[in-house]
Amino acid sequence: MNWRIVWTLVRKDTKLFFRNRFFAFVSVLGLFAYIGIYYLLPGSVDETIKIGLIADQIPPLFEDLQEEGLELMLLDSEAELEQRLLNGDITVGYGLPDDLMAGLLSGSKQQIKVYFSYDFPEELKDAYIILFRELVFMMTGQELNVQADEVLLGQDMAGLQIPPRKRMLPLMAVFILMIETMGLSSLISAEVEEGTLTALFTTPMRARELFVGKGAAGAGMAFFQAVVMIAATGGLRREPVLILTALLLGSLLVTGMGFLMASGSRDLMSVMGWGILAIVVLALPSFSVLFPGLFTGWIKAIPSYYLVDTVHKVINFGASWGEVGINLLALLGLSLAFLLLGIVTLQRRYR
Amino acid sequence: MNTFAINAEELTYRYGDLTAVDHISFHVAQGEILGFLGPNGAGKTTTVKMLTGQLRPKEGKATLLGLDFARQPKKIQAQIGICFERTNLYEQMSAKENLELFAQLFGVKPFDADALLGRVGLTGRERDRVATYSKGMRQRLMVARALINQPSILFLDEPTEGLDPVSAEAIRNIILEERQRGATVFLTTHDMLEADRLSDRVAFIDQGKIVALDTPHALKQAYGKRRLLAQVIGSDGKLVGREIVLDVPETPDTVHQLFSQEQVVTVHSEEASLEDIFIQITGRGLV
């Protein structure tokens, strides 16, 4: 391996990348945009559940719930409740009859209304109805003879819920890495289209030096920008070496994918086509961080899962090397596999 | 071990069912300019690609500077310069950056890009991006790039095609300078006048086969006729053409009769062009 040639190629590709105005602009703009979006998103999670009540006064026992993280709001009318619900000021609303307690004590059936907004999760609706029934049992002295003890696995996140912007970080990292990879692919396809690759191959440069040079340039640019973004958003405060390792492996992974995309592309448009498809697929694991429970086990078949999961666990839960070691090994294996596959495919295509 | 700069033995290349180059054999001596002539699609560029390592021959072998291309391609490529048929420069880099990049790849130190650019007439535009260059300027830069490593063998594939006369002449002068330096030049062209003027020997390639290979003079001797063309005043007072074939026994008498019996207005000699000879050999023209 002639490292002088490799270094020459890295410098050339870096120079050409920033002379491609589109990718240079998108890279810089993207970096600022991601950091800006991060700081615009809420930095904390409001864990209180706000319940609106149409009633003369707050019924007994309901008051006790306020100490359990519920916030009760007495409202004058059904119209006001509906408006507050639609505005998102309250999570759920109960319309209680004026003489609820008297009615309950007399044994007559009481009619209440439970209000939900149109987008309220279906599976939670029953929970709020059951909650009310349970309270009624308690108010009428018919408490069920069941003692429920809470057993929590893992860290108790009560009061420590991960804010949306922290959940966005893995998604942003994947976006940054993939945008840089599209830049690398477009550089390669431009070299083929313009015939400069042929000129390079007729010098003393060997194919392996070309691929190491291209890989180093592509992975380097992707890694640098991902590190800047993570650092600017405070993601390097916990286990910086671990995060840097994960990002480096992620950069190698997407570089391999960049080689694959370049081998299947003839021009910038086809690079964009493949690139967008890859971004959509690789971003899926990030959505499972944003919306836990969205996907089942098959999400682990997507290579970016191991990067996303590692970044998420380290930044948001302070995971250690031991806890994400398997992820890193999987990421290393996948990165090497994709790099090898990309190099072989590219070599077969253009030699 | 031979001392030829290029030695091709039974070189063959096929694109699917089409045989582009069909078992051609030739050699080029060190310091020689070989004109490789033929119409479009005859197999010229495919031959260059095999001789420069861009294509691997399906059959046969090429030896350059005594080295087998199949075994030591990079050692050979370090000693050759190629000016491709299609311009392939980094458009978003300047001329100087293009040359410096390739100088670094060839490991040329120290390297004076300005001097080389001056040699091809690009002084004053060194720092402009190639994307702003005219076709002639790009071609001059292509030639400059081929000279970076002071190559022992220079491959020039249609170096003057489509160029203005000034640019074409500049490139021809560089080819002659390189021969003076001792470089071997493999010149691919379908410009017969250019080949005639520059080449020590010319090879005609047609449909993948070499159909003639010799010095331009020998080819003209073998295939062409030298003639004397005269214009005389006829009996009706109008100009009439006369043609006298040279190099035959009766030539002296015919020439004597022309000048003694006719009123000669103009006279000039004419010899067969390489194009005439190519047509004679292959039965078709060069385009």
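Author: The account below begins with the helix pair and then turns to its surroundings. The model is a predicted one, in which local features need pLDDT of at least 70 and side-chain atom pairs count only at pLDDT 80 or more, while totals for chains, interfaces and linings use all residues. Residues are numbered from 1 along each chain as its sequence is written, and chains are lettered from A and ligands numbered from 1 in the order in which they are written.

Two packed helices are described by the angle between their axes and the distance between the axes. Helices here are DSSP runs of H or I with at least four residues, and strands are runs of E with at least two, numbered from the N terminus. In chain A, helix α9 (residues 207–232) and helix α10 (residues 240–263) have axes that come within 8 Å and cross at roughly 140 degrees. Such axes are lines fitted to C-alpha atoms, for helices over the stretch in contact, and the angles run from 0 to 180 degrees between N-to-C directions.

Residues in contact have C-beta atoms, placed from the backbone, within 7 Å. On the α9(A) side, the meeting residues include A:G215, A:G218, A:A222 and A:A226. Among their counterparts in α10(A) are A:L244, A:L247, A:S251 and A:G258. By class, this contact has 12 nonpolar, five polar and no charged residues. Ala, Val, Leu, Ile, Met, Phe, Trp, Tyr, Cys and Pro count as nonpolar, Asp, Glu, Lys and Arg as charged, and the others, Gly among them, as polar.

Not counting residues up to four places away in sequence, A:A226 touches A:A173, A:I176, A:L177, A:L247 and A:S251. Both A:A226 and A:A173 are among the residues that touch the most other members of the largest nonpolar core, which has 141 residues. A nonpolar core is a set of buried Ala, Val, Leu, Ile, Met, Phe, Trp, Tyr and Cys residues joined through C-beta atoms within 7 Å, and buried means that 20 or more other C-beta atoms lie within 10 Å of the residue's own. A second, separate core of 10 residues includes A:I51, A:I54, A:L85 and A:Y94.

In chain B, B:V21 lies in strand β2 (residues 18–28) and is buried, with 29 other C-beta atoms within 10 Å.

Conventions:
Contact = placed C-beta atoms within 7 Å. Buried ≥ 20, exposed ≤ 12 C-beta atoms within 10 Å, placed from the backbone.
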